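Have the viewer open and follow along.

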Amino acid sequence: MLIVKRYTVCIVGTKGLDDFPPFYRPQFAVYSAIEHQRLQTQFNVCIFAAMKNIVLFGPPGAGKGTQSAHIVEEFGLFHLSTGDIFRSNIKGGTELGILAKGFMDRGELVPDAVTIQMLESEAGKHPGQGYIFDGFPRTSAQAASLDAFLDAKGQQIDAMIALEVPEPELRDRLAGRAETSGRPDDANPEVIQNRIDVYNAETAPVAEHYRAQDKFQGVDGVGSIEEIFIRISEVLNSLGTTA
Ligand code: AMP
């Protein structure tokens with residue numbers, strides 16, 4: 001029996017797109033596991049399974065949002081940022097937004113029950129694509145709930161990619177971002193410090209959850225956006241080629 005999977009195909013070798021068989025040129029191609037092997041060796045391409053689920057991890061200001069945009073473009077995953085979803089609820093004046101705003105303005109975490117329910121509801125609207133989780137999970141309870149949520153769908157987290165950036169650089173980046181982001185939680189140094197403290201106390205330990213599952217991948221988060229994206233891509237490609 002052939003296992004048919006859905007893959008994103010990206011060219012990493014020296015061959016151009018024109019050298020690639022027309023059938024496989026669309027971003028998503030459906031073909032068999034045997035074809036997967038053949039394409040990889042014959043055309044020197046990397047093939048990334050689009051159904052991968054990735055946690056993009058790191059402290060505030062590490063560049064998760066910026067890198068997520070590139071990952072979405074290159075690898076076709078669906079981006080789920082809990083911070084973005086909360087902000088769009090605040091903008092829309094929803095009950096959820098009103099509830100979340102106080103916590104966010106103080107640099108505290110929104111309670112787990114609310115956050116988990118929101119995340120699951122948003123993820124449920126976009127099945128079958130593979131997710132990049134940005135800003136979630138931020139507590140051990142969120143990590144356990146995410147495992148259970150994916151497990152019920154016969155899926156799992158394939159890797160946690162942790163962007164590693166020293167604290168002084170984080171503070172500089174957030175102060176710079178405040179000038180353009182319009183985010184109240186970027187504009188106040190005390191709130192920034194609280195977000196970093198909350199990260200160290202409650203969120204950093206979540207890495208252990210994925211280390212224990214052998215899924216933790218640390219990536220140097222200092223450098224240009226392009227340099228960091230290349231490092232992330234190397235991790236993602238290694239997941240794809242071992243699928
Ligand atoms: P972010 O955009 O990821 O920096 O998140 C902004 C703020 O949204 C955080 O400081 C928290 O107040 C809230 N938030 C985002 N994601 C979560 C989460 N997974 N759990 C709890 N609060 C969150």
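Before we start, one term: two residues are in contact here if their C-beta atoms, placed from the backbone, lie within 7 Å. With that in hand, look at Phe229, which touches Gln67 and His70 once residues up to four places away in sequence are left out. Keep in mind that this is a predicted model.

Where does Phe229 sit? Its place is in helix 11, which covers residues 225-241. Phe229 counts as buried, because it has 21 C-beta neighbours inside 10 Å, and the cut-off for that label is 20 or more. Val219 is 10 residues away from Phe229 along the chain, and their C-alpha atoms are separated by 9.7 Å.

Now hop over to one of the contact partners, Gln67. This residue is found in helix 2, and it counts as buried because 24 C-beta neighbours lie inside 10 Å. Which residues does Gln67 touch, not counting residues up to four places away in sequence? They are Leu56, Leu163, Ile228, Phe229 and Ile232. Take Ile228 from that list: Gln67 and Ile228 are 161 residues apart in sequence, yet their C-alpha atoms are 8.0 Å apart in space.

Strand 4 (residues 54-57) then pairs with strand 7 in the parallel sense over four bridges. Here Val55 stands opposite Met160, and Leu56 stands opposite Ile161. Finally, strand 7 and strand 8 (residues 216-220) pair in the parallel sense over five bridges, and Val219 in strand 8 is the bridge partner of Leu163.

Two of these strands deserve a second look. In a regular strand the side chains alternate between the two faces of the sheet. In strand 6, Tyr131 and Phe133 point one way while Ile132 and Asp134 point the other way, and all are buried. Strand 7 (residues 159-164) is largely enclosed by the rest of the structure, because five of its six residues are buried.

In soluble globular proteins, nonpolar side chains tend to be buried together. The largest nonpolar core here has 33 residues, and the members touching the most other members are Ile54, Val55, Leu56, Ile132, Phe133, Met160 and Ile161. Strand 7 gives the largest share of this core, five residues. Leu56 shows how the pieces meet: leaving out residues up to four places away in sequence, it touches Lys64, Gln67, Ser68, Ile132, Phe133, Asp134 and Ile161.

What about the ligand? There are 17 residues around it, and the closest are Thr82, Gly83, Leu109, Gly135 and Arg138. Helix 3 (82-92) and helix 4 (95-106) are the elements that give two or more residues to this shell, and helix 3 provides the largest share, three residues. How do the shell residues split by class? Seven are nonpolar, six are polar and four are charged.

Zooming out to finish, the chain has 11 helices and eight strands, and of its 243 residues, 30% count as buried.

Key: Residues are numbered from 1 along each chain as its sequence is written. This is a predicted model: local features need pLDDT of at least 70, side-chain atom pairs count only at pLDDT 80 or more; totals for chains, interfaces and linings use all residues. A residue is buried if 20 or more other C-beta atoms lie within 10 Å of its own, exposed if 12 or fewer, and partly exposed in between; C-beta atoms are placed from the backbone. A residue is near a molecule or strand if its C-beta atom, placed from the backbone, lies within 6 Å of it. Ala, Val, Leu, Ile, Met, Phe, Trp, Tyr, Cys and Pro count as nonpolar, Asp, Glu, Lys and Arg as charged, and the others, Gly among them, as polar. Two strands pair if DSSP finds at least two bridges between them. A nonpolar core is a set of buried Ala, Val, Leu, Ile, Met, Phe, Trp, Tyr and Cys residues joined through C-beta atoms within 7 Å.
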